[in-house]
Amino acid sequence: MLFHQRYGEHPLLSSEPWTSILTRSMLLAVPWSSQVYASDGRCWDNLESSEKDVSWVFSELRTRYGVNLDRIVLGGFSQGGALSVYVAAKKLVPCRGFVAVGPSDWIVPEEKRAVERKGPSAAFASLVRSSDCRGLRGVIIIGDKDPFLSKIEELYALMLERGLDGKLLVEPGLGHEYPEKFGDKLRVAMDF
């Protein structure tokens, strides 16, 4: 299940980088948040609404499509990457793990931008500290030029302390964007 970035465009557009998994006989569920950010984009800024959206999609996957929820992997880019970590760590729904690409260090927008803060979002760090990540696998793919990198490294270290079986893949020369040959990197992450 893929969660779009903040200002997420229609699911057909925001899912494009992830479609390579369809060649592996996998289903790609791409919910579009109910939270309108702009006329052509959505966001996950309100956690209560985001949790309702996610729970509704999982219910639909189970009842309409008979999806085995224990086999679901969450994923996303930027705010969607942070949401995939949040949903997995909070155990909002059953999942095998997450693949977060360029995740933001906040779950909901912070007063100060990432470049203005020394550490990760206090709310996100608190969630990770209180989570039991044992049995959870996660892969984070992020660029060494991404403004969130140092904060994500802190959050990743906390997740490892809490029991996460994870991989942090830092891409040289990459900013806050998808890496080249993302389909290949996604395949490796999904195999993990």
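This is a predicted model: local features need pLDDT of at least 70, side-chain atom pairs count only at pLDDT 80 or more; totals for chains, interfaces and linings use all residues.
Which helix gives the largest share of the lining of the largest cavity?

1. Strands of a sheet pair through backbone hydrogen bonds, in either a parallel or an antiparallel sense.

2. **The E5-E6 pair.** Strand E5 covers residues 97-101, and strand E6 covers residues 137-143. The two run parallel and are joined by 5 bridges. Val99 stands opposite Val139 in E6. Ala100 has Ile140 of E6 as its bridge partner. E6 is mostly covered, with 6 of its 7 residues buried.

3. **Hairpin.** Strand E2 (residues 35-38) pairs with strand E3 (residues 41-43) in the antiparallel sense. There are 3 bridges between them. The two strands form a hairpin, with 2 residues between them. Ala38 has Gly41 in E3 as its bridge partner.

4. **Ser15.** Is this residue buried or exposed? Ser15 is found in the loop between helix H1 (11-14) and E2. Its relative accessibility is 8%, so Ser15 counts as buried; the cut-off is under 20%. Leaving out residues up to four places away in sequence, Ser15 touches Leu2, Leu28 and Val30.

5. **Cavity.** A search of the whole structure for cavities of 30 Å³ or more finds 1. The largest cavity holds about 40 Å³ of space. Its lining consists of Val85, Pro103, Phe124, Ile140, Ile152, Leu155 and Met159. Helix H5 (residues 149-161) answers the opening question: the largest share of this lining, 3 residues, comes from H5. By class, the lining has 7 nonpolar, no polar and no charged residues. Ile140, the bridge partner of Ala100, is one of the lining residues.

6. **Largest pocket.** The largest pocket has a volume of about 680 Å³. It is lined by 29 residues. Met26, Arg71, Ile72, Val73 and Met190 lie nearest its centre. Which elements give two or more residues to this lining? They are E4, E5, E6 and helix H6 (182-191). H6 gives the most, with 4 residues. The lining divides into 20 nonpolar, 5 polar and 4 charged residues.

7. **Second pocket.** The second largest pocket holds about 250 Å³ of space. Its lining is Leu27, Ala29, Val30, Pro31, Trp56, Val57, Glu60, Leu61, Arg64 and Tyr65. By class, this gives 8 nonpolar, no polar and 2 charged residues. Val30, listed in this lining, is also one of the residues that Ser15 touches.

Technical notes: Residues are numbered from 1 along each chain as its sequence is written. Side-chain values use heavy atoms; hydrogens and water are left out. Two strands pair if DSSP finds at least two bridges between them. On a 1 Å grid over the protein atoms alone, a cavity is a set of points where a 1.4 Å probe fits but cannot get out, and a pocket is an open set with protein on both sides within 12 Å along at least five of seven lines; lining residues have an atom within 4 Å of a point. Grid points are joined across faces, edges and corners, and a volume is the space filled by probe spheres set on the points. Ala, Val, Leu, Ile, Met, Phe, Trp, Tyr, Cys and Pro count as nonpolar, Asp, Glu, Lys and Arg as charged, and the others, Gly among them, as polar. Buried means under 20% relative accessible area, exposed over 50%, partly exposed in between (1.4 Å probe, protein chains only). Contact means heavy atoms within 4.5 Å.
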